[in-house]
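Hello,

Here is the structure I said I would pass on. Please have a look at it, and then read the notes below.

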Amino acid sequence: MPPHPITPDELHELLTSTDPARTGVLATVRDDGRPHVVPIWFVLDESDGSLVFNTGVGSVKGRNLASQGRAAICVETTEPPYTFAMIEGRVTLSEDPAELLTWATRIGTRYVGPERGEELGKRNGAPGSYVVRVHRDKVTGLADL
């Protein structure tokens, strides 16, 4: 199949795959305009289509997200045929303890399995962290490159 714009089914597979669980690359903007780009672990919230991850309130990305309220995440395959998608959107942040634990555990389980997911959930869902939701405003991507 020739390269083509990513379809909704291909996007869903890219964002939810667990074999392998792909990392995202988060892009934010600092208050002085400089970019900040870092890898993240995330999950797709099937209820609203947002990408969800955790970060520290005082981290560079946490401060950028709180200040700017927008972000972009790129997710890609690392084996042929190559596929990528970039999700741009508005960001919402929560410090709710129950939500932090729930999402941090789901994220941890996706990347390290159920045997360690709860452990990572407790570590990453602690006070001083955000649950970050990137709500899709725009998705671009190509498949079968």
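D144 lies in the segment after β8. Its phi is positive, about 60°, although D144 is not a glycine. For comparison, most residues other than glycine have a negative phi. Please keep in mind that this is a predicted model.

D144 is also one of the residues that P2 touches, the other being A143, once residues up to four places away in sequence are not counted. P2 sits in the segment before β1 (4-5). Between P2 and A143 there are 141 residues along the chain, yet their C-alpha atoms are separated by 8.4 Å. Is P2 buried or exposed? P2 has a relative accessible area of 59%, and the cut-off for exposed is over 50%, so P2 is exposed.

**The overall picture**

The protein is built from four helices and eight strands. Read from the N terminus, the order of the elements is β-α-β-β-β-β-α-β-β-α-α-β. The radius of gyration is 15 Å, close to the 15 Å that the globule rule gives for 145 residues, so the protein is as compact as a globular protein of that length. The C-alpha trace spans about 50 × 40 × 25 Å along its principal axes.

Of the 145 residues, 42% are buried. The exposed surface comes to about 7,600 Å², and carbon and sulfur atoms supply 56% of that. If we take the contacts between residues at least 6 apart in sequence, 70% of them join residues at least 24 apart.

In soluble globular proteins, nonpolar side chains tend to be buried together. Here the largest nonpolar core has 28 residues, and L15, F42, F53 and I73 are those with the most contacts inside it. The elements that give two or more residues to this core are the helices α1 (8-16) and α3 (97-112) and the strands β3 (35-40), β4 (43-44), β5 (51-56), β6 (70-76), β7 (84-94) and β8 (129-143).

**Other sites to look at**

S94 is in strand β7. With a relative accessible area of 15%, S94 is buried. Leaving aside neighbours within four places in sequence, S94 is in contact with E99, L100, S129, Y130 and V131. The C-alpha atoms of S94 and V134 are 12 Å apart, and the two residues are 40 residues apart along the chain.

N64 belongs to helix α2 (residues 60-68). Its relative accessibility is 6%, so N64 counts as buried. Beyond its neighbours within four places in sequence, N64 is in contact with T28, V29, R30, H36 and G69.

E46 is in the loop between β4 and β5. Apart from residues up to four places away in sequence, E46 touches H12 and T16. From C-alpha to C-alpha, E46 and H12 are 9.5 Å apart in space, while 34 residues apart in sequence.

**Two cis peptide bonds**

Most peptide bonds are trans. What kind of peptide bond joins D19 and P20? That bond is cis, with omega about 5°, and P20 is found in the loop between α1 and β2 (24-29). The peptide bond from P80 to P81 is also cis, with omega near -10°. P81 has its place in the loop between β6 and β7.

Regards

How values were computed
Residues numbered from 1 in each chain as written. Predicted model: local features only at pLDDT ≥ 70, side-chain atom pairs only at ≥ 80, totals over all residues. Heavy atoms only, no water. Core = buried A, V, L, I, M, F, W, Y, C linked by side-chain atoms within 4.5 Å. Buried < 20%, exposed > 50% of the residue type's maximum accessible area, 1.4 Å probe, protein only. Rg over C-alpha atoms; globule rule 2.2 N^0.38 Å. Contact = heavy atoms within 4.5 Å. Areas by Shrake-Rupley, 256 points an atom, 1.4 Å probe, with all protein chains shown as cover.
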